[in-house]
Amino acid sequence: MTGIDDALARLRRSDPVREAGLSGALAEGIAEAGIRFASIGGPLGDRWIQALRELDACVGPLAPGEDPVLSEGGVYHGAWIESTGTINAEVLDRFAPAVTRSTHLLFADHARADGLIPYKVTADGPAFSQIQIVTPFARSVWRHHLATGRRDLAHLRRMLGVLTANDAWLAAHRDTRRTGAVEAFCTFDTGHDLSPRFWHVPDRCFHGDAARFDPASPGLPFIAPDLTANVVAQRLALADIAAELGDDADPWRERAAVSLAALWEQCFDENAGMFYDRDASGGFVRVDSDVLLRVLACGVGDDAFAAVALERHLLSTRRFLGHYGLTSLALDDPRFDHDASRNSWGGPSNFLSMIRAPDAFEPHGRLAELAVIEQPVLAALTIADRFPQCLDPWSGTPGFTSVYSPAILWFLDAVERAAGIRTRHDGGIDFGGLVPTRLEHGAAATATAYARTIGGIRYELAGDDERVVVRRDGSPHLEFARGWHVEADAAGAPVAVVGVAGGPVAGTFTWPGGALDLALAPNERLALADGARTSIGFIPPHS
């Protein structure tokens, strides 16, 4: 038997619900989707089961009798809108969509009459002392609607009402200078704890009121690029939601255009290629932070802009590319915080940045660059003793807290992207071919296998260091070289093959339509319908 045969045999014997001791909503979601993972050699398989076990600890009702929701985990009790209710819930949608829905509703249920959405909800109730949202809630709601078959229009209508009221609150209270942008009144508005971006700025809004800033604080309010980009993305998603419900989407698109124009006018420094806060005096707060990644992840900037941002900043090891992850402050800033053992956005790699990163890379076709960034982090987290908030970007040593749901969900997402079966927001399916056989520090497997049921069809994907095979309801379906990624439609029919390794990969692609010998460079895409090739090039890590 080959390693692939061994991995498939182990996969078919596995029972992740039983092995992880799951119960309730997560168990139901995993079982319904038929999700399984197995590895031969190395600790990855056991770590995957541990991730499910710890994720289960983050799912449950906040009060007796309530629906189970996702909690942030670690030292953060309850659900936080900047992460738990948005990007974390988005990833969870592929594993337990019912929990994603109830987590969205948690924030809707606790929204204030004036439209303000709580920044967190705990067993003690909602909290409103800051806004703390840089990942678009409306986009997460829209993607959940797409992922669950576009069936629940009543739910979508309710969320539209809540999100519309929140948009009005932000416009009324967070644009005091009437620029069309969104202002930060305190450090916690953006969740940038300990970042030099907010040195000498209060942590919380004035007297705990999210509509007020301390008038005695020099520089406030800041016109904030990440808060503004978030509203751009929110309004574009609200346009999609409105159109789905038969409403006029144009007003939302027009408002998004106003916000986008304000973002570029107020916050972008063309010479630096960076987005900065603009303080009350009209000057830039020149701190190079992960704000650039946040803005890109909100869908701002075209392919050319993203390429320059990656070249100048995100793929530069002098700027934001640590050996382990994307850092929260530029590496060449003398204020860089090397202490990952605390909640710091002043330097360490944060898993909230990592789980947001795909939205900054994938829309621009930068799959190979994303994979280059993710592979060392996957190795570090595979051998770590916990799922932390932060990593030391030099050593990969786990830092602050544990049982942290963004880290857990990033790990599950990274495994699925690398060598699993992933459903896309557009209904299509991705088959990952970057089998984790080359992870360092003892994290590598010799072969892995993944299973998922989609539309009543059972898919199994298994691979080793050379090739990947996909089976469809027990029959051979696809075979391709390790280092490729296959895009398929909702029925599993292959549409395109993409190079995702850091160098060119040659091999044979076999599918029901025949066999094809080819070589693909990083990010090179072959459309199977007409044989057209497209290539955007590749930006490797550089100094």
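Pro221 sits in the loop between strand S7 (183–184) and strand S8 (222–223); strands here are DSSP runs (E) of at least two residues, helices are runs (H or I) of at least four, and both are numbered from the N terminus. The peptide bond leading from Leu220 into Pro221 is cis, with omega near 0°. The model is a predicted one, so to speak of local features takes a pLDDT of at least 70, and side-chain atom pairs count only at pLDDT 80 or more, while totals for chains, interfaces and linings use all residues. Residues are numbered from 1 along each chain as its sequence is written, and side-chain values use heavy atoms, with hydrogens and water left out.

Another loop, between strand S14 (390–391) and H16, holds Thr401. Phi of Thr401 is near 60°, a positive value in a residue other than glycine. Val403 is in the loop between S14 and H16 too, and its phi, near 50°, is likewise positive in a non-glycine residue. How exposed are they? Thr401 has a relative accessible area of 15% and is buried, whereas Val403, at 27%, counts as partly exposed. The cut-offs are under 20% for buried and over 50% for exposed, with partly exposed in between (1.4 Å probe, protein chains only).

Next comes a pair of helices. H15 (residues 367–383) and H16 (residues 405–419) pack at an angle of about 125°, their axes 10 Å apart. Axes are lines fitted to C-alpha atoms, for helices over the stretch in contact, and angles between N-to-C directions run from 0 to 180 degrees. That angle makes H15 oblique to H16, because under 35 degrees counts as roughly parallel, over 145 as roughly antiparallel, 65 to 115 as roughly perpendicular, and the rest as oblique. On the H15 side, the residues that meet H16 include Leu370, Val377 and Leu381, and their partners in H16 include Trp410, Phe411 and Ala414. Contact means heavy atoms within 4.5 Å.

Finally, the nonpolar cores. A core is a set of buried Ala, Val, Leu, Ile, Met, Phe, Trp, Tyr and Cys residues joined through side-chain atoms within 4.5 Å. The largest one has 151 residues, and Trp48, Phe275, Phe361, Trp410, Phe411 and Phe431 touch the most other members. A second, separate core of 21 residues includes Phe128, Trp169, Ala210 and Phe222. Back at Phe431, the residues it touches include Tyr459, Leu461, Phe480 and His485, leaving aside residues up to four places away in sequence.
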